[in-house]
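Here's a quick briefing for anyone meeting this structure for the first time. Take a look at it, then read on.

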Amino acid sequence: MTSTAFDSAALAAAGTASSPGSSPAVALTIAGSEATGGAGAQADLKTFQELGVFGIANLTCIVSFDPKDNWNHRFVPVNQHVIADQLEATTAAYGAASGAPAVLDTVKIGMLGSPATISTVAAALADSAFKNVVLDPVLICKGQEPGHALDTDRALKAQILPLATFVTPNHFEAESLSGLEITDVESLKAAAVRIHELSGAAVLAKGGVRLEGPDAVDVYYDGETLEVLSAPKVGEVAVSGAGCSLAAAVTAELAKGAAPLEAARAAKDFVTAGIRNRVASGAPFDALWQGGPR
(Lines give C-alpha, C1' and ligand atoms only; values in the text may rest on other atoms or scores of the structure.)
Protein backbone atom coordinates (compact mmCIF):
# COMPACT_ATOMS: atom_id res chain seq x y z
CA MET A 1 0.00 0.00 0.00
CA THR A 2 1.28 3.47 -0.87
CA SER A 3 1.42 5.87 2.05
CA THR A 4 -0.28 9.24 1.63
CA ALA A 5 1.24 10.75 4.79
CA PHE A 6 3.26 13.92 4.36
CA ASP A 7 7.02 13.36 4.41
CA SER A 8 8.78 16.62 5.26
CA ALA A 9 12.20 15.24 4.28
CA ALA A 10 10.92 14.24 0.85
CA LEU A 11 9.28 17.64 0.39
CA ALA A 12 12.53 19.38 1.30
CA ALA A 13 14.50 17.21 -1.11
CA ALA A 14 12.04 18.09 -3.84
CA GLY A 15 12.49 21.77 -3.15
CA THR A 16 8.89 22.33 -2.09
CA ALA A 17 9.38 22.87 1.63
CA SER A 18 9.00 26.44 2.83
CA SER A 19 12.14 28.24 3.93
CA PRO A 20 12.06 30.82 6.72
CA GLY A 21 12.40 33.63 4.23
CA SER A 22 9.31 32.57 2.30
CA SER A 23 7.02 31.77 5.21
CA PRO A 24 3.96 34.02 5.41
CA ALA A 25 2.95 35.74 8.60
CA VAL A 26 0.56 33.68 10.72
CA ALA A 27 -2.60 34.89 12.47
CA LEU A 28 -5.20 33.15 14.63
CA THR A 29 -8.87 33.94 14.97
CA ILE A 30 -10.76 32.67 18.00
CA ALA A 31 -14.34 33.08 16.89
CA GLY A 32 -17.64 31.47 16.03
CA SER A 33 -18.60 29.75 12.81
CA GLU A 34 -21.34 31.62 10.93
CA ALA A 35 -23.24 29.33 8.61
CA THR A 36 -23.88 31.71 5.70
CA GLY A 37 -20.17 32.49 5.40
CA GLY A 38 -20.59 36.23 5.69
CA ALA A 39 -19.23 36.77 9.19
CA GLY A 40 -17.35 35.07 12.00
CA ALA A 41 -14.38 32.79 11.44
CA GLN A 42 -15.28 32.35 7.77
CA ALA A 43 -14.94 36.09 7.14
CA ASP A 44 -11.74 36.22 9.18
CA LEU A 45 -10.03 33.43 7.24
CA LYS A 46 -11.00 34.94 3.89
CA THR A 47 -9.63 38.30 5.02
CA PHE A 48 -6.36 36.76 6.19
CA GLN A 49 -5.96 34.96 2.88
CA GLU A 50 -6.66 38.07 0.80
CA LEU A 51 -4.06 39.99 2.78
CA GLY A 52 -1.34 37.37 2.42
CA VAL A 53 -1.48 35.89 5.91
CA PHE A 54 -1.72 32.21 6.84
CA GLY A 55 -4.95 32.02 8.81
CA ILE A 56 -5.91 29.64 11.62
CA ALA A 57 -9.37 29.42 13.19
CA ASN A 58 -10.22 28.02 16.61
CA LEU A 59 -14.00 27.80 16.91
CA THR A 60 -15.92 28.85 20.02
CA CYS A 61 -19.49 28.31 18.86
CA ILE A 62 -21.67 27.53 15.87
CA VAL A 63 -24.10 30.25 14.82
CA SER A 64 -26.78 29.83 12.18
CA PHE A 65 -29.46 32.36 11.34
CA ASP A 66 -33.03 31.08 11.61
CA PRO A 67 -35.01 32.10 8.51
CA LYS A 68 -38.21 30.92 10.24
CA ASP A 69 -37.66 33.33 13.16
CA ASN A 70 -36.83 36.70 11.65
CA TRP A 71 -33.26 35.54 10.97
CA ASN A 72 -32.36 35.50 14.65
CA HIS A 73 -29.25 33.61 15.72
CA ARG A 74 -29.29 29.95 16.66
CA PHE A 75 -26.32 29.61 18.98
CA VAL A 76 -24.55 26.37 19.95
CA PRO A 77 -21.40 26.64 22.12
CA VAL A 78 -18.38 24.43 21.54
CA ASN A 79 -17.40 22.36 24.60
CA GLN A 80 -14.72 23.94 26.73
CA HIS A 81 -12.28 21.06 26.45
CA VAL A 82 -12.60 21.21 22.65
CA ILE A 83 -11.79 24.93 22.70
CA ALA A 84 -8.81 24.29 24.97
CA ASP A 85 -7.64 21.43 22.72
CA GLN A 86 -7.75 23.69 19.65
CA LEU A 87 -5.72 26.38 21.38
CA GLU A 88 -3.21 23.82 22.64
CA ALA A 89 -2.70 22.36 19.17
CA THR A 90 -2.38 25.76 17.52
CA THR A 91 0.19 27.14 19.95
CA ALA A 92 2.19 23.89 19.89
CA ALA A 93 2.38 24.11 16.09
CA TYR A 94 3.05 27.83 15.69
CA GLY A 95 3.69 29.38 19.11
CA ALA A 96 6.92 30.87 20.41
CA ALA A 97 8.31 27.49 21.52
CA SER A 98 7.24 25.61 18.38
CA GLY A 99 10.30 26.22 16.22
CA ALA A 100 8.04 27.31 13.37
CA PRO A 101 9.72 29.73 10.94
CA ALA A 102 6.82 32.19 11.29
CA VAL A 103 5.83 32.49 14.94
CA LEU A 104 2.20 33.03 15.82
CA ASP A 105 2.11 36.20 17.93
CA THR A 106 -1.09 37.82 16.65
CA VAL A 107 -4.64 36.79 17.48
CA LYS A 108 -8.09 38.16 16.79
CA ILE A 109 -10.84 37.53 19.35
CA GLY A 110 -14.33 37.42 17.89
CA MET A 111 -17.52 35.93 19.29
CA LEU A 112 -16.94 33.96 22.49
CA GLY A 113 -20.57 33.66 23.57
CA SER A 114 -20.41 32.52 27.20
CA PRO A 115 -18.58 33.28 30.46
CA ALA A 116 -17.10 29.77 30.45
CA THR A 117 -15.59 30.25 26.99
CA ILE A 118 -14.28 33.67 27.98
CA SER A 119 -12.47 32.13 30.96
CA THR A 120 -10.98 29.37 28.79
CA VAL A 121 -9.74 31.83 26.17
CA ALA A 122 -8.45 34.32 28.75
CA ALA A 123 -6.33 31.60 30.37
CA ALA A 124 -4.90 30.60 26.98
CA LEU A 125 -4.07 34.21 26.10
CA ALA A 126 -2.31 34.73 29.41
CA ASP A 127 -0.23 31.59 28.90
CA SER A 128 0.72 32.32 25.29
CA ALA A 129 1.96 35.93 25.62
CA PHE A 130 0.65 37.16 22.25
CA LYS A 131 2.22 40.39 21.03
CA ASN A 132 -0.97 41.55 19.30
CA VAL A 133 -4.43 40.77 20.70
CA VAL A 134 -7.16 42.31 18.54
CA LEU A 135 -10.54 42.28 20.28
CA ASP A 136 -13.70 42.62 18.24
CA PRO A 137 -15.91 42.90 21.34
CA VAL A 138 -19.04 41.01 20.32
CA LEU A 139 -21.34 41.94 23.19
CA ILE A 140 -24.71 40.81 21.85
CA CYS A 141 -25.83 37.64 20.14
CA LYS A 142 -29.34 38.32 18.87
CA GLY A 143 -31.58 35.54 20.09
CA GLN A 144 -29.63 34.79 23.29
CA GLU A 145 -31.45 34.86 26.61
CA PRO A 146 -30.92 38.41 28.00
CA GLY A 147 -29.48 37.39 31.38
CA HIS A 148 -26.95 35.09 29.75
CA ALA A 149 -25.96 37.81 27.29
CA LEU A 150 -25.42 40.27 30.16
CA ASP A 151 -23.23 37.80 32.07
CA THR A 152 -21.19 37.26 28.92
CA ASP A 153 -20.76 41.00 28.38
CA ARG A 154 -19.53 41.50 31.94
CA ALA A 155 -17.08 38.62 31.69
CA LEU A 156 -15.71 39.92 28.39
CA LYS A 157 -15.09 43.37 29.85
CA ALA A 158 -13.47 41.94 32.99
CA GLN A 159 -11.31 39.17 31.51
CA ILE A 160 -10.60 39.84 27.83
CA LEU A 161 -10.60 43.63 27.47
CA PRO A 162 -7.59 44.07 29.80
CA LEU A 163 -5.58 41.66 27.62
CA ALA A 164 -6.34 43.45 24.35
CA THR A 165 -3.78 45.56 22.51
CA PHE A 166 -6.27 46.74 19.84
CA VAL A 167 -10.07 47.02 20.18
CA THR A 168 -12.57 47.48 17.33
CA PRO A 169 -16.03 48.19 18.81
CA ASN A 170 -19.02 49.01 16.64
CA HIS A 171 -21.44 51.82 17.53
CA PHE A 172 -23.38 49.81 20.12
CA GLU A 173 -20.27 48.21 21.60
CA ALA A 174 -18.49 51.56 21.84
CA GLU A 175 -21.45 52.97 23.76
CA SER A 176 -21.49 49.95 26.08
CA LEU A 177 -17.75 49.97 26.75
CA SER A 178 -17.43 53.74 27.17
CA GLY A 179 -20.72 54.46 28.92
CA LEU A 180 -21.24 57.36 26.52
CA GLU A 181 -24.04 58.05 24.06
CA ILE A 182 -22.67 58.31 20.54
CA THR A 183 -24.62 60.58 18.21
CA ASP A 184 -21.94 62.21 16.08
CA VAL A 185 -18.23 62.19 15.28
CA GLU A 186 -17.30 64.20 18.37
CA SER A 187 -19.00 61.75 20.71
CA LEU A 188 -17.41 58.86 18.80
CA LYS A 189 -14.03 60.48 19.43
CA ALA A 190 -14.84 60.78 23.14
CA ALA A 191 -15.85 57.12 23.27
CA ALA A 192 -12.62 56.02 21.59
CA VAL A 193 -10.59 58.01 24.13
CA ARG A 194 -12.58 56.57 27.02
CA ILE A 195 -12.17 52.97 25.82
CA HIS A 196 -8.43 53.51 25.50
CA GLU A 197 -8.32 54.85 29.05
CA LEU A 198 -10.16 51.75 30.28
CA SER A 199 -8.12 49.20 28.34
CA GLY A 200 -4.78 50.74 27.41
CA ALA A 201 -5.36 49.40 23.90
CA ALA A 202 -5.39 51.15 20.56
CA VAL A 203 -9.03 51.71 19.59
CA LEU A 204 -10.79 51.83 16.23
CA ALA A 205 -14.35 52.86 17.12
CA LYS A 206 -16.71 52.25 14.23
CA GLY A 207 -19.44 54.73 13.44
CA GLY A 208 -20.03 53.25 10.01
CA VAL A 209 -23.44 53.94 8.51
CA ARG A 210 -25.02 54.52 11.92
CA LEU A 211 -23.96 58.16 12.15
CA GLU A 212 -25.69 60.75 9.99
CA GLY A 213 -23.85 62.24 7.05
CA PRO A 214 -22.50 61.19 3.67
CA ASP A 215 -19.46 59.36 5.04
CA ALA A 216 -18.90 56.16 7.00
CA VAL A 217 -16.72 57.41 9.84
CA ASP A 218 -14.47 55.49 12.25
CA VAL A 219 -12.18 56.96 14.91
CA TYR A 220 -8.70 55.70 15.77
CA TYR A 221 -7.05 56.55 19.08
CA ASP A 222 -3.97 55.06 20.74
CA GLY A 223 -3.27 57.47 23.59
CA GLU A 224 -1.29 59.87 21.41
CA THR A 225 -2.79 59.95 17.92
CA LEU A 226 -6.46 60.60 17.24
CA GLU A 227 -7.45 60.23 13.60
CA VAL A 228 -10.82 60.18 11.87
CA LEU A 229 -11.00 57.62 9.06
CA SER A 230 -13.81 58.27 6.62
CA ALA A 231 -15.04 57.06 3.27
CA PRO A 232 -18.24 57.75 1.33
CA LYS A 233 -21.09 55.55 2.50
CA VAL A 234 -22.07 52.67 0.26
CA GLY A 235 -25.78 52.55 1.04
CA GLU A 236 -27.35 53.19 4.44
CA VAL A 237 -27.64 49.60 5.69
CA ALA A 238 -24.95 47.67 7.56
CA VAL A 239 -23.40 44.75 5.67
CA SER A 240 -22.81 41.35 7.24
CA GLY A 241 -19.17 40.67 8.00
CA ALA A 242 -17.99 44.28 7.81
CA GLY A 243 -17.02 44.44 11.47
CA CYS A 244 -15.44 40.99 11.49
CA SER A 245 -13.48 41.74 8.35
CA LEU A 246 -12.29 45.13 9.64
CA ALA A 247 -10.88 43.55 12.80
CA ALA A 248 -9.44 40.66 10.79
CA ALA A 249 -7.75 43.09 8.39
CA VAL A 250 -6.23 44.95 11.34
CA THR A 251 -5.04 41.59 12.67
CA ALA A 252 -3.49 40.59 9.35
CA GLU A 253 -1.65 43.89 8.98
CA LEU A 254 -0.30 43.72 12.53
CA ALA A 255 0.85 40.14 11.91
CA LYS A 256 2.82 41.40 8.92
CA GLY A 257 4.49 44.04 11.08
CA ALA A 258 2.43 47.17 10.44
CA ALA A 259 2.08 49.83 13.10
CA PRO A 260 -1.41 50.05 14.64
CA LEU A 261 -2.42 53.25 12.81
CA GLU A 262 -1.16 51.85 9.50
CA ALA A 263 -3.17 48.69 10.16
CA ALA A 264 -6.30 50.74 10.87
CA ARG A 265 -5.97 52.74 7.65
CA ALA A 266 -5.37 49.63 5.54
CA ALA A 267 -8.31 47.83 7.17
CA LYS A 268 -10.63 50.76 6.48
CA ASP A 269 -9.69 50.73 2.78
CA PHE A 270 -10.05 46.94 2.59
CA VAL A 271 -13.54 46.92 4.12
CA THR A 272 -14.76 49.88 2.08
CA ALA A 273 -13.87 48.01 -1.13
CA GLY A 274 -15.49 44.84 0.22
CA ILE A 275 -18.73 46.67 1.01
CA ARG A 276 -18.74 48.27 -2.41
CA ASN A 277 -18.50 44.79 -3.97
CA ARG A 278 -20.96 43.12 -1.61
CA VAL A 279 -22.60 39.73 -2.09
CA ALA A 280 -26.39 39.42 -2.15
CA SER A 281 -28.37 36.33 -1.15
CA GLY A 282 -31.88 35.25 -0.21
CA ALA A 283 -31.26 36.58 3.31
CA PRO A 284 -32.45 40.09 4.19
CA PHE A 285 -28.86 41.36 4.31
CA ASP A 286 -25.85 41.50 2.03
CA ALA A 287 -22.39 40.20 2.89
CA LEU A 288 -19.03 41.87 2.46
CA TRP A 289 -16.85 40.37 -0.28
CA GLN A 290 -13.27 40.04 0.86
CA GLY A 291 -12.16 39.88 -2.77
CA GLY A 292 -13.61 43.34 -3.37
CA PRO A 293 -10.26 45.16 -3.44
CA ARG A 294 -9.04 42.98 -6.34
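This is a predicted model: local features need pLDDT of at least 70, side-chain atom pairs count only at pLDDT 80 or more; totals for chains, interfaces and linings use all residues.

Residues are numbered from 1 along each chain as its sequence is written, and side-chain values use heavy atoms, with hydrogens and water left out.

**The sheet**

- Nine strands make up an open sheet with mixed pairing, in the order S3-S2-S1-S4-S5-S6-S7-S8-S9.
- The edges belong to strand S3 (72–77) and strand S9 (226–232), each with a single partner strand, so one side of each has no neighbour in the sheet.
- Helices (H or I, at least four residues) and strands (E, at least two) are DSSP runs, numbered from the N terminus, and two strands pair if DSSP finds at least two bridges between them.
- Strand S7 (residues 202–208) and strand S8 (residues 215–221) are an antiparallel pair, joined over five bridges.
- In that pairing, Ala205 has Val219 of S8 as its bridge partner.

**Helices on the sheet**

- Helix H2 (residues 40–50) lies across strand S1 (26–34), strand S2 (54–66) and strand S4 (106–109), and runs at about 150 degrees to S1.
- Helix H4 (residues 115–128) also packs on the sheet, where it touches S1, S2, S4 and strand S5 (132–135), and its direction makes about 170 degrees with that of S4.
- Axes here are lines fitted to C-alpha atoms, for helices over the stretch in contact (heavy atoms within 4.5 Å), and angles run from 0 to 180 degrees between N-to-C directions.

**H3 against H4**

- The axes of helix H3 (residues 80–94) and H4 come within 10 Å and cross at roughly 20 degrees.
- H3 and H4 are therefore roughly parallel (angles under 35 degrees).
- On the H3 side, the contact is made by Gln80, Ile83, Ala84, Leu87 and Thr91, and on the H4 side by Ala116, Thr117, Thr120, Val121, Ala124 and Ser128.

**Two loop residues with positive phi**

- Most residues other than glycine have a negative phi.
- Trp71, in the loop between S2 and S3, has a positive phi near 60 degrees.
- Ala129, in the loop between H4 and S5, has a positive phi near 50 degrees.
- Ala129 is exposed (over 50%), with a relative accessible area of 65%.

Note on methods
Buried means under 20% relative accessible area, exposed over 50%, partly exposed in between (1.4 Å probe, protein chains only). Angles under 35 degrees count as roughly parallel, over 145 as roughly antiparallel, 65 to 115 as roughly perpendicular and the rest as oblique.
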